[in-house]
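Here are my notes for your first read of this model. Keep the 3D view open as you go through the points.

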Amino acid sequence: MARRAVGGAGVKGARRPEVRLPPLEPYEGGGLEPDGDYDGLEFRERDLTGQDGSGARFMDCALTGCVLEETRLRHARVLDSVLNGVRGVGTDLAEATLRDVELTDARLGGPQLHGAVLERVLIRGGKIDYLNLRTARLRDVVFEGCVLVEPDFGGARLERVEFTDCVLKGADLHAATLVDVDLRGAASLEISRGLDRLAGAVISPAQLLDLAPVLAAQWGIRVEG
């Protein structure tokens with residue numbers, strides 16, 4: 001299930017996930033396994049530091065308060081699941097698939113999601129430093145009430161993506177493709193590279209004024225009093 005958010009004129013709103021988990025069984029296994037199959041499980045306060053779940057499938061799962069320090073989840077599939085309060089540095093989700101996922105109150109540093117596919121994903125609250133989404137594909141993704149420090153969207157495709165009450169510091173949009181991207185709700189918008197890629201996005205008049213000095217510098221315009 002997903003519901004369509006209401007977009008402004010000329011902007012299609014993102015479809016938000018509506019995850020309804022079944023009764024879950026507590027996960028009682030040891031470490032994660034490559035290509036493991038995890039269905040209807042709750043991982044609560046588990047320390048998954050350095051574990052290898054590459055290629056694993058998580059379906060109807062909840063990860064609550066887990067440590068994902070250097071956890072390897074490359075090519076993993078996370079479906080119809082909730083991640084709440086996860087934390088760690090260097091989590092590897094490169095080329096993973098996240099579909100119908102809610103990620104809330106995360107504290108992550110340098111998570112690797114380059115080449116990943118995110119569809120109907122809600123990222124709400126928390127702080128993510130140096131998020132690597134290079135060449136990723138984002139469709140129906142909402143960033144809400146979170147802080148993103150130097151997120152890298154280089155070469156990524158963003159379609160129906162919304163930023164609501166969140167802070168973007170030093171976002172890199174180099175070679176990105178934006179379609180129906182709504183930045184108007186961002187509490188703070190700072191773009192370090194790729195201002196020319198904003199075609200396909202909508203910003204507010206106030207944000208345009210904030211970006212004016214960077215735009216002028218990029219276009220070689222001198223502004224004098």
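What volume does the largest cavity have?

1. The largest cavity has a volume of about 190 Å³. Leu93, Leu98, Leu103, Leu108 and Leu113 are the closest to its centre, out of 18 lining residues. A cavity is a set of points on a 1 Å grid, over the protein atoms alone, where a 1.4 Å probe fits but cannot get out; lining residues have an atom within 4 Å of a point. Volume is the space filled by probe spheres set on the points, which are joined across faces, edges and corners.

2. This is a predicted model: local features need pLDDT of at least 70, side-chain atom pairs count only at pLDDT 80 or more, and totals for chains, interfaces and linings use all residues. Residues are numbered from 1 along each chain as its sequence is written, and side-chain values use heavy atoms, without hydrogens and water.

3. The lining of the largest cavity has 17 nonpolar residues, one polar and no charged. Here Ala, Val, Leu, Ile, Met, Phe, Trp, Tyr, Cys and Pro count as nonpolar, Asp, Glu, Lys and Arg as charged, and the others, Gly among them, as polar.

4. The second largest cavity holds about 80 Å³ of space. Its lining includes Phe58, Leu63 and Val78. By class, that lining has eight nonpolar, no polar and no charged residues.

5. Is Ser81 buried or exposed? Ser81 is buried (under 20% relative accessible area, with a 1.4 Å probe and protein chains only; exposed is over 50%, partly exposed in between), at 1%. Its side chain reaches the backbone nitrogen of Asp60 at 3.5 Å.

Terms used:
Polar contact = N/O pair within 3.5 Å; in protein donor to acceptor, adjacent residues only side chain to side chain. 1 Å grid on protein atoms, 1.4 Å probe; cavity = no way out; pocket = protein on both sides within 12 Å on 5 of 7 lines; lining within 4 Å.
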